[in-house]
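Here's a friendly walk through one protein model. Have a look at it first, then read on.

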Amino acid sequence: MSSLLFSPARSKGLSCGDLQPGPGNKITDVEGVTVGHRTVWEGDIRTGFTAVLPHQGNLFLDKLPAAADVINGFGKSAGLIQVEELGTLETPILLTNTFAVGTGINALVRRELSINPDIDRSGGTVNPVVMECNDGYLSDINAMVLSEADAFAALDTAANDFEQGSVGAGTGMSAFGFKGGIGSASRVIELGGRSFTLGTLVQANFGKPGDLILPGGRKPRPEDPGQSEERGSVIIIIATDVPLESRQLKRVARRAAAGLGRLGAFYGNGSGDIALAFSTAQKLPHFNDGDFIARDVLQEDKIDVLFKAVAETTQEAVLNAMIASPAMTGFKGRHRPSLADWLDA
């Protein structure tokens, strides 16, 4: 099936780069990766959780190589310090709003304890990874309505196919003065005569109104942006089945900034811009009788195609998040117009 059907940006004639998208043009084109949402939309509330499951086995026992890059550190994420230190990912990733990070931590710990009851007895503690953007412009974030049950719902509904736009953690997001949200894109990469995939998912809640640059150079500006400064955040999750070690994954994650730059972002003072990348190519066992692990690793001078892929997918994922999100009126009557409506005008 053509990836056009899964790309809001491409349906509007917007193409980012020249690498070929995967069949779904989503992060879940990387085999084993699934995504789920829990959306809470009632009264003044526009919020939720989005879960990214890196593989379908026991992630605590079979970890994945991972790394994070903090483009601008105005954020309240959890778990990144250990990811940076050990270079591994051992829980699913939860995205949510700023004040629900603690709830997400508890949910992930309870989930892992139910699967691995020996954690902190014989297996060591677990490192939950939760990342956030502030949805307080469109949602009453101070109400702190999200529960562990909401996080479990996102985790339990994770699947290969998932919605983009104003869903899950993207429900109350804003971007460049328009409605933001959850978006995704993928690219197919040829290396050593084999096909690999890199996929990206974003929680887009950033950008100064009027600064957005579309492919081709147009600069949409919302009529009533509601703010003039750059405030918000963007979380970028990158998955690939290319065999990479954590140092290489950090280099890949850093190139997400190139995709943000193509959109006109400058990583403002109040923006928490963070990328996390992982590879599904080889699992790293929690328990290992030997002293060494044999691993395949990409030759360094072949890595440029991944840098290109992450720039393209980050750019397209943000546009997909915005175009898939209808206009929204939320908390205190605040409004965000839709980029899709601007493109159709």
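## Before we start

This is a predicted model, so to speak of local features takes a pLDDT of at least 70, side-chain atom pairs count only at pLDDT 80 or more, and totals for chains, interfaces and linings use all residues. Residues are numbered from 1 along each chain as its sequence is written, and side-chain values use heavy atoms, with hydrogens and water left out.

## Helix α3

Let's begin with α3, which runs over residues 101-115. Helices (H or I, at least four residues) and strands (E, at least two) are DSSP runs, numbered from the N terminus.

Which residues of α3 are buried? They are V101, T103, G104, A107, L108 and E112, where buried means under 20% relative accessible area with a 1.4 Å probe, protein chains only. Looking down the axis of α3, these buried residues fall within an arc of 160°, so they line one face of the helix; the arc is taken from the directions from the helix axis to the C-beta atoms. Among the elements covering them are β2 (45-53), β5 (93-97), β6 (129-133) and α4 (148-156), with contact meaning heavy atoms within 4.5 Å.

## The cavity

On a 1 Å grid over the protein atoms alone, a cavity is a set of points where a 1.4 Å probe fits but cannot get out; a pocket is an open set with protein on both sides within 12 Å along at least five of seven lines, and lining residues have an atom within 4 Å of a point. Points are joined across faces, edges and corners, and a volume is the space filled by probe spheres set on them.

The count comes to one cavity of 30 Å³ or more. The lining of the largest cavity is made up of P65, P243, L244, S279, A281, Q282, R295 and D296.

## The pockets

The largest pocket holds about 430 Å³ of space. Of its 25 lining residues, N134, Y137, N205, R231 and G232 lie nearest its centre. The largest share of that lining, three residues, comes from β11.

The second largest pocket has about 250 Å³. It is lined by 14 residues, and R194, F196, P243, D296 and V297 lie nearest its centre.

Definitions and conventions: Expected span 1.5 Å × (residues − 1). Buried < 20%, exposed > 50% of the residue type's maximum accessible area, 1.4 Å probe, protein only.
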